[in-house]
Amino acid sequence: MNPSPSPLATARAQLATAVQILGYDDGMHAVLRQPRRELHVAVPLRRDDGHVELLHGYRVQHNISRGPGKGGLRYAPGVDIDEVRALAMWMTWKCAVVELPYGGAKGGVTIDPRAYSPFELERVTRRYTSEIMPMIGPERDVMAPDIGTDEQVMAWVMDTYSVNRGFTIPAVTTGKPLAVGGSLGRATATSRGVLHAATATLRDAGVRLDEVSAAIQGFGKVGAPLARFLHEKGCRVVAVGDERGAIVRTDGLDVAALTAHVARTGSVVGFADADPLDPAELLALDVDVLFPAAVEGVLDEESAARVKARWVVEAANGPTTTEGDRVLADRGVVVVPDILANAGGVVVSYFEWVQANQAYWWTEREIEERLEHRMLEAYATVSQVSRAEGISLRDAALVIGVRRVAEAHLIRGLYP
Ligand code: NAD
């Protein structure tokens, strides 16, 4: 068995497939493949005990042909330049699939945030932001939370950028607290978008959410609200997992009680009203819908061969490798790809940016309605291309996203 390919290898293989379907030449392929700009910065941190530690940070703008770069900031021990490149490329196609006037970007710091105090995380964030200042801004590159970062981190980024510029610039980040120009509905937008994508996919198969069971890998900013929304729609959420372990209850988890347990203990592990589950078994559970909502590469050739779910809805970015995709397709599993399924977060980030630029805020209802509309439109376009061309939902989404970006390149022309 080969080792799982890196996220960058997966992202590049996906692009190569789309380029082949679209019939683009090597020049266009090379332009679409290569990040436009990337910055690797040293982030020296004074720890609370006084000693200095050197961390590494990255910001990659994969493509900015359709507008400013847009993408999350990740704090995780495994962050490296290639992971950030892959995540930035996926952001480019994702923003194009949901027709946002953005390119794709991503940032990261190689750090385990749980091992640092809030004061240390604030210093890391402010120094990292200062180092990448020339690259970011509301018209250049706009950040949002990702794994290991949250609305507080976005507030520190916004404050650092604003203090250095001399005035308040809320539109430099999204996913901020409401008190400093955040948007209603942003915190749960990714999960709501996943719910809309799942509902539309099941509807195409003549199935309702209240008729199915689900397992969710990851119980963070995306996985936890997703569990709640699925439960509210009558779906039986039978298993969830996080970095520390997994739990199962075949007649359905009490999601509210579980959420309270996680708020208290920091993990799903030890929840009294469920049985412990080997995390490796979560992906192979006998459920109707599997929602990977944690990290990249979890569905590779080996684990994909054990999936029993009929649908995989990718709440995480890049959870399925190219080999994993092939195995799932051979077994008739329908995969709703990340660049469609989890686009709700960047859609409401766009709404937050628009509101901040206008200094006029919308109601929660307006946001929820516009989010649902955009997700269902994007799903309809992707599924129509998938049927018309006889290709998977992933290839259809990639073809749509890549084509829109390539069109922008061609229309803008090559300078000089
Ligand atoms: P988070 O840090 O809030 O939560 C991550 C969750 O995954 C945690 O429960 C963590 O314990 C778990 N986890 C981490 N490593 C794991 C592993 N190896 N096995 C099982 N569980 C593991 O992050 P998040 O914001 O919820 O992001 C989750 C995924 O969704 C990522 O792929 C991210 O890029 C993607 N995503 C997030 C957003 C957003 O708005 N936050 C938007 C689009 C996509």
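Helices here are DSSP runs of H or I with at least four residues, strands are runs of E with at least two, and both are numbered from the N terminus. The model is predicted, with local features needing pLDDT of at least 70 and side-chain atom pairs counting only at pLDDT 80 or more, while totals for chains, interfaces and linings use all residues. Residues are numbered from 1 along each chain as its sequence is written, and side-chain values use heavy atoms, with hydrogens and water left out.

A cis peptide bond links Y415 to P416, with omega at about 5°. As background, most peptide bonds are trans, and most residues other than glycine have a negative phi.

E99 is not a glycine, yet its phi is about 55°; look for E99 in the loop between α3 (81-97) and β4 (104-110). A359 also has a positive phi, near 55°, and is not a glycine either. Its place is the loop between α13 (344-358) and α14 (364-389). A359 is exposed, at 56% relative accessible area (exposed is over 50%, buried under 20%, partly exposed in between, with a 1.4 Å probe and protein chains only).

Now go to E314, in the loop between β11 (311-313) and α11 (322-330). This glutamate is buried, with a relative accessible area of 0%. What does the side chain of E314 make a polar contact with? The partner is the side chain of R394, at 2.8 Å. (A polar contact is a pair of N or O atoms within 3.5 Å; within protein, one must be able to donate a hydrogen and the other to accept it, and residues adjacent in sequence count only if both atoms are side-chain atoms.) A polar atom of the E314 side chain also lies 2.8 Å from the backbone nitrogen of D338. Leaving aside neighbours within four places in sequence, E314 is in contact (heavy atoms within 4.5 Å) with residues including P292, V336, P337 and N342.

α1 (residues 7-22) and α2 (residues 26-33) pack at about 150°, their axes 11 Å apart. Axes are lines fitted to C-alpha atoms, for helices over the stretch in contact, and angles run from 0 to 180 degrees between N-to-C directions. The pair is therefore roughly antiparallel (over 145 degrees; under 35 is roughly parallel, 65 to 115 roughly perpendicular, the rest oblique). R12, L15, A16 and V19 of α1 meet H29, L32 and R33 of α2.
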